[in-house]
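Student: I would like to learn how to read a predicted model like this one. Could you take me through a few features, please?

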Amino acid sequence: MGKFAINKTNTGFNFQLKAGNGEPIGISEVYASLASCKKGIASVQKNAPVAGVQDLTDEGAAAVKHPKFEVYTDKKGEFRFRLKATNGEVILASEGYAKKASCLNGIESVRKNADSEIVLPQE
């Protein structure tokens, strides 16, 4: 089982979703408060299991309604995904992957670990 690790930053809080082996799967934006960061986690927990996948690297792929995972390539040519909530806001973003298959595995890992425990920042 993975975990949501909440981190205190200079400007607020963010979280990382980590797999059972401790490897990061995705990271959030910075939230102004701990309460709003926890709401972001709740949004991942709610949306990840039901989100479709839209592959933006495939020109012929059909559009997918929110919530959804979007697969895309970054400026370095690496594959990434972002999870968007029903309102279209990005709630989780991945690291870069060399292969699309690895990126898709990352999405499945988010789904698998979406109900993970929340670990608060150390004071």
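Tutor: Happy to! Burial comes first: a residue counts as buried when its relative accessible area is under 20%. Gln54 has a value of 11%, so this residue is buried. Do keep in mind that the model is predicted.

Student: Where does Gln54 lie, and which residues does Gln54 touch?

Tutor: Gln54 is part of strand β4, which covers residues 52-55. Leaving aside residues up to four places away in sequence, Gln54 touches Ala62, Ala63, Val64, Lys68, Phe69, Glu70 and Val71.

Student: How many aromatic pairs are there?

Tutor: Rings pair if their centres lie within 6.5 Å, and planes under 30 degrees apart count as stacked. The count by this rule is 4 aromatic pairs. Take Phe15 and Tyr31: their ring centres are 6.3 Å apart and their planes meet at 10°, so they are stacked. Phe15 sits in strand β2 and Tyr31 in the loop between β3 and α1, so the pair ties together parts 16 residues apart in sequence.

Student: Are Phe15 and Tyr31 buried or exposed?

Tutor: Phe15 is buried at 0% relative accessibility, and Tyr31 is buried at 10%. Phe4, Phe15 and Tyr31 also form one aromatic cluster.

Student: Why does the pair of Phe81 and Tyr97 count as stacked?

Tutor: Their ring centres are 6.5 Å apart and their planes are at 20°, so the pair is stacked. Phe81 belongs to strand β6, and Tyr97 to the loop between β7 and α2, so this pair ties together parts that are 16 residues apart in sequence.

Student: And what lies over the face of Tyr72?

Tutor: That is Arg82, at 4.0 Å from the ring centre of Tyr72.

Definitions and conventions. Residues numbered from 1 in each chain as written. Predicted model: local features only at pLDDT ≥ 70, side-chain atom pairs only at ≥ 80, totals over all residues. Heavy atoms only, no water. Helix = DSSP H or I, 4+ residues; strand = E, 2+ residues; numbered from the N terminus. Buried < 20%, exposed > 50% of the residue type's maximum accessible area, 1.4 Å probe, protein only. Contact = heavy atoms within 4.5 Å. Phe/Tyr/Trp six-rings, centres within 6.5 Å; stacked < 30°, edge-to-face > 60°. Lys NZ or Arg CZ within 6 Å of the ring centre and 35° of its normal.
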